[in-house]
Amino acid sequence: MRKLIEFKNIVKSFDDSLVLKGINLSIHENEFVTLLGPSGCGKTTLLRILGGFISQNEGHVYFDDIEISNVPPYKREINTVFQRYALFPHMNVHDNIAFGLHIKKQDKQMIEQKVKKMLKLVNLQGYEDRPVTLLSGGQQQRVAIARALVNEPMVLLLDEPLGALDLKLRKEMQVELKKIQQEVGITFIYVTHDQEEALTMSDTIVVMNNGEIQQIGSPTDIYNEPENRFVADFIGESNILEGVMLEDYKVKFDDQTFECVDYGFEDNLEVDIVLRPEDIDIVPLDMGRIKGVIKSAIFKGVHFEVVVETPYREWIIHTTDKVELDKEVGLHFFPEDIHIMYKMGTY
Amino acid sequence: MKGYASLVKPYILWMSLFIVVPMLLIVLYAFTTSGNELISFRFTLDNFFRFFDPVFIKVLLKSLEVALITTLLCIIIGYPIAYIIANASEKSQTLLILLITLPMWINMLVRTYAWISILSDGGLLNSLLGFIGLPQMKLMYTDFAVMLGMVYNFLPFMIISIYTVLAKLDKALIHASHDLGANPLQTFLRVVLPLSLPGVISGITLVFLPAVSTFVIPKFLGGGQYMLIGNLIENQFITVGEWNFGSAISLIMAFIIMASMMMTRKMDRDASENTGSEGGKLW
Ligand SMILES: Nc1ncnc2c1ncn2[C@@H]1O[C@H](COP(=O)(O)OP(=O)(O)O)[C@@H](O)[C@H]1O
Ligand SMILES: [Mg+2]
């Protein structure tokens, strides 16, 4: 895939606070990229730099290999779905969607055709004349998407577009958005703080924290091979422990040595270790290396979330089997379920 | 809450005594002949018919014209100022608004006197002209002086009411417009201006109504010959002593003001409907 956008060492500060601390990121054609991170980590700021609404203090933004840092927003081939939609309240649905085409002075008939097509795409046929102020959140959101997409941009920026919707509608829209992206075949840069949303929709996830990129990778990479404690913790529930990498393929934690599949660390390096709750099995007492007592088991719809207490810690385990409270059990996991990560700040 | 409701009663009494009663008296005067006894009135519509004389109609039209031009000038001058203030940094906004409202704290009479000393033949402006070797200008007692006084006095109302709407305008809408390819001018014409109309309309109400009935400014800056409807009414009461005719003109004026209020209200409603906001309502 062709590289479309490149951020090179983007630094941005507001007043005295450093909000982006040197962002390097490439985004490709037709890619669905998600910027994922907690609120306030700089996602919107990065998006606004790309849209051209603010400028960076340092660094360069390239679009199709051309530096665009000095191009005003209205000349960029990028359209945005804003965090709170920013629909024009004095226009109806049709005029909102047609806004960009009117500005480009397109032919009237052409405009009508394109607006119709968009309304169909976002499932809002027959809403042309409605004032946007009378639409529900989900409908406003779809108008915002149509208003952006109708301009046939090469890149669509979406800033937490589903944040204001309730859970059920959000799930539906996630599917719909992904479908739209595949249908129109353009690059989506999607901002969210919801890890589940990121995992289900993206080709590539960019995990951010505190103005820095923590990890870039596919959803499975990010989930299975988190690069550090922050990513492991942010992406789903996890058992994160500290240990020592004795040598290649050998890690020690909770005073026991375990075989693992990781290598290339310094010998005796202190590391963080992640074990996903669904990778741990509850087994009879004598079959597990780790022994503990079942403290609680909460049914979560599909699985039980079980807490097992050992002298060292409480383990979170996801299992579909029923378990008995206060029973002594063993815990079992395979070498490949142990993920070793550098401690933050040591790499 | 209920217990407090009775606290308003003295206020209502006060209001009715000093506002409603004089108003009723005006109505009474307008519909009666002069020389009434306390008990026997002679009702008549003559006071109203008397107004429909070309001389008086001309005064009315002149008043409307002056008020209209004042309002237009206030929009033309006030809008850019409001726009600049609304786009300044938050700190400067507070300061600028303070500066704009500062003259409003000084009595209008005093402010108008200040203009006399600036505009009069030996005044500040003419001294300055003389100083740089330009010919003297007759400034006092002209349309120009009256208009200047009017715009000066009423401009802050226009600025504040437009500013209030512009300052509340969601910046994301401007970004959205840029995002969709509109340059700054297109963005202003298609997004900012239409959304700020409610502020302009309430500004019109705030400027036009006092401008159409003022008598202080034309009296001092326009001179004794400069006759607007407010001066006409004042004269009837104070100089001529025709209280009945003066009252009738006041009622006609009140009717015109009410009609124009209703018109701007309707415009305001339409504009708010279009913008879907409560924008510009200062009361
Ligand atoms: N215009 C601004 N002025 C000052 N600080 C800002 C401004 N915009 C954002 N910030 C600060 O920058 C940080 C990152 O903000 P943002 O990019 O909006 O985070 P996110 O979208 O990831 O929640 C926050 O701490 C925020 O307070
Ligand atoms: Mg944000």
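Author: Of the 347 residues in chain A, 52% are buried, where buried means under 20% relative accessible area, exposed means over 50% and partly exposed lies in between (1.4 Å probe, protein chains only). The model is a predicted one, in which local features need pLDDT of at least 70 and side-chain atom pairs count only at pLDDT 80 or more, while totals for chains, interfaces and linings use all residues. Residues are numbered from 1 along each chain as its sequence is written, chains are lettered from A and ligands numbered from 1 in the order in which they are written, and side-chain values use heavy atoms, with hydrogens and water left out.

Chain A has 8 helices and 20 strands; helices (H or I, at least four residues) and strands (E, at least two) are DSSP runs, numbered from the N terminus. Along the principal axes, the C-alpha atoms of chain A fill a box of roughly 75 × 45 × 40 Å. Among contacts in chain A between residues at least 6 apart in sequence, 66% join residues at least 24 apart, a contact being heavy atoms within 4.5 Å.

The sheets come next. Strands of a sheet pair through backbone hydrogen bonds, either parallel or antiparallel. Two strands are taken to pair if DSSP finds at least two bridges between them. In chain A, 4 strands form an open sheet with antiparallel pairing, in the order E2-E1-E4-E5. Strand E2 (17–28) and strand E5 (66–67) of chain A stand at its edges with a single partner strand each, so one side of each has no neighbour in the sheet. Helix H1 (residues 43–51) of chain A packs on this sheet and touches E1, E2 and E4 of chain A. The direction of H1 makes about 120° with that of E1(A); axes are lines fitted to C-alpha atoms, for helices over the stretch in contact, and angles run from 0 to 180 degrees between N-to-C directions. Within the sheet, strand E1 (residues 3–14) and strand E4 (residues 58–63) of chain A pair in the antiparallel sense over 5 bridges. Glu6(A) stands opposite Tyr62(A) in E4(A).

Ligand 1 is surrounded by a set of residues in chain A, among them Phe14(A), Val19(A), Gly40(A), Cys41(A), Lys43(A), Thr44(A) and Arg48(A); a residue is near a molecule or strand if one of its heavy atoms lies within 4 Å of it. An oxygen atom of ligand 1 is 2.6 Å from a polar backbone atom of Gly40(A), and an oxygen atom of the ligand is 3.2 Å from a polar backbone atom of Cys41(A). For Thr44(A), an N or O atom in the side chain is 2.5 Å from an oxygen atom of ligand 1.

A further open sheet of chain A holds 5 strands in the order E15-E19-E16-E17-E18, again with antiparallel pairing. Its edges are strand E15 (281–283) and strand E18 (314–319) of chain A, each with a single partner strand, so one side of each is left without a neighbour in the sheet. From one strand to the next, the twist averages 45°. Strand E16 (residues 290–299) and strand E17 (residues 304–309) of chain A run antiparallel and are joined by 6 bridges. The bridge partner of Val293(A) in E17(A) is Glu309(A).

Charged pairs complete the picture. A salt bridge is a side-chain nitrogen of Lys or Arg within 4 Å of a carboxyl oxygen of Asp or Glu, and a search of the whole structure finds 18 of them over all chains. One joins the side chains of Lys300(A) and Glu305(A) at 3.8 Å, N to O. Lys300(A) is partly exposed at 47% relative accessibility, whereas Glu305(A) is buried at 12%. Another joins the side chains of Lys171(A) and Glu196(A) at 2.8 Å, N to O. Lys171(A) lies in helix H5 (residues 167–184) and Glu196(A) in helix H6 (residues 195–201) of chain A, so the pair ties together parts that are 25 residues apart in sequence. Lys171(A) is partly exposed, with a relative accessible area of 36%, and Glu196(A) is partly exposed at 44%.

Note on methods:
Polar contact = N/O pair within 3.5 Å; in protein donor to acceptor, adjacent residues only side chain to side chain.
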